[in-house]
Amino acid sequence: MTNVSNVQAPVGALPDEVDSQKRHWLQAFHPPVEQVTAPQVQEAASPESIVADFIRQHSASGHLVARSVFLQPPYSVLEADLSALLDVLCQDANNADITRVQGAEDVYFYSTQTMTANYADMCVQVVENDICRAIAEAVRFDCRTYPRPYKVAMLTQPPYSFESQQISAALTAMETHPDYADIRTVESSNAEPYLFSERFMSYGKAYGLCEWLEVEQYQNP
């Protein structure tokens, strides 16, 4: 049996980092020994607004920003400075779209201008390599919200982009894991696999819906 914790997700590459012209604010936390005597050009943007813009850029590309990113090179912001900065950012009315979501391994930030809370939750599960939970939550969300069963092929699309082998291994692990006892499989007459949650719909309803989605709607335009 495949161990749930051993099922790994692909780690997608992040988009280009924040504009290099704005990166200098991070250096303010580590001032150089020798001060430049040339006149300084005052930046209109505050550190909070620059970080907010950085988060928005990533959200627009479908990525979260982990808090730990700012603690690592090339940023290397001190913990105390980062805590103060993020607290001010999250309380700033001008940056009300910047939201944080708690994961098991880190805190992540995103902009509600281009990313929904549900999509952000999906991204957290992918980033933290929790494929089984990602699948279960996607299935439960669709069954509860629309309601409809969840097409397995959707797991190969963003934000998941799982490989077929990863999906198969995860589904095998979920079959015997008590946390996912409600997740069941159903297949339409054209052999297209779907998943559904028994918390929100019966097998009969799930079959009827996937049959409509795959076959009947094309027979009855």
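The questions below ask how terms applied to this predicted model follow from its values.

Q: Why are α5 and α6 called roughly perpendicular to each other?
A: Helix α5 (residues 131-145) packs against helix α6 (residues 164-174) at an angle of about 80°. Angles of 65 to 115 degrees count as roughly perpendicular, and α5 and α6 are therefore described in that way. Their axes are 9 Å apart.

Q: Which residues of α5 and α6 meet?
A: From α5 come I131, C132, I135 and A136, and from α6 come Q166, A170, L171, A173 and M174. By class, the contact of α5 with α6 has eight nonpolar residues, one polar and no charged.

Q: What makes α2 roughly perpendicular to α3?
A: Helix α2 (residues 47-60) and α3 pack at about 75°, with axes 9 Å apart. The range for roughly perpendicular is 65 to 115 degrees, so α2 is roughly perpendicular to α3.

Q: Which residues of α2 and α3 are in contact, and how do they divide by class?
A: P47, E48, V51, A52 and I55 in α2 meet L85, V88 and L89 in α3. Seven residues of the contact are nonpolar, none is polar and one is charged. Glu counts as charged, and E48 is among the α2 residues listed.

Q: Why does N95 count as buried?
A: Buried means under 20% relative accessible area. The value for N95 is 6%, so N95 counts as buried. N95 is found in the loop between α3 (79-91) and β2 (98-102).

Q: What does N95 touch, residues up to four places away in sequence not counted?
A: N95 touches E48, S49, A52, R56 and L89. Of these, E48 and A52 in α2 and L89 in α3 also take part in the contact of those two helices.

Q: Why is the pair of F141 and Y146 called edge-to-face?
A: The structure holds six aromatic pairs. In the pair of F141 and Y146 the ring centres are 6.2 Å apart and the planes stand at 80°. Rings pair if their centres lie within 6.5 Å, and planes over 60 degrees apart count as edge-to-face. The pair is therefore edge-to-face.

Q: What makes the pair of Y160 and F162 tilted?
A: Y160 and F162 are 5.3 Å apart, centre to centre, with 35° between the planes. Planes under 30 degrees apart count as stacked and over 60 as edge-to-face, with the rest tilted. An angle of 35° falls in the remaining range, and the pair is tilted.

Q: Are Y160 and F162 buried or exposed?
A: Relative accessibility is 2% for Y160, so Y160 counts as buried. For F162 the value is 3%, and F162 therefore counts as buried. The cut-off in each case is 20%.

Q: Which residues form one aromatic cluster?
A: The cluster is formed by F54, F70 and Y75.

Q: How do you know that R148 lies over the face of Y146?
A: R148 is 3.9 Å from the ring centre of Y146. The limit on that distance is 6 Å, and the charge must also be within 35 degrees of the ring normal. R148 is accordingly placed over the face of Y146.

Q: Why is Y146 called partly exposed?
A: Its relative accessible area is 44%. Buried means under 20% and exposed over 50%, with partly exposed in between. Y146 is therefore partly exposed.

Terms used:
Residues are numbered from 1 along each chain as its sequence is written. This is a predicted model: local features need pLDDT of at least 70, side-chain atom pairs count only at pLDDT 80 or more; totals for chains, interfaces and linings use all residues. Side-chain values use heavy atoms; hydrogens and water are left out. Axes are lines fitted to C-alpha atoms, for helices over the stretch in contact, and angles run from 0 to 180 degrees between N-to-C directions. Helices (H or I, at least four residues) and strands (E, at least two) are DSSP runs, numbered from the N terminus. Angles under 35 degrees count as roughly parallel, over 145 as roughly antiparallel, 65 to 115 as roughly perpendicular and the rest as oblique. Contact means heavy atoms within 4.5 Å. Buried means under 20% relative accessible area, exposed over 50%, partly exposed in between (1.4 Å probe, protein chains only).
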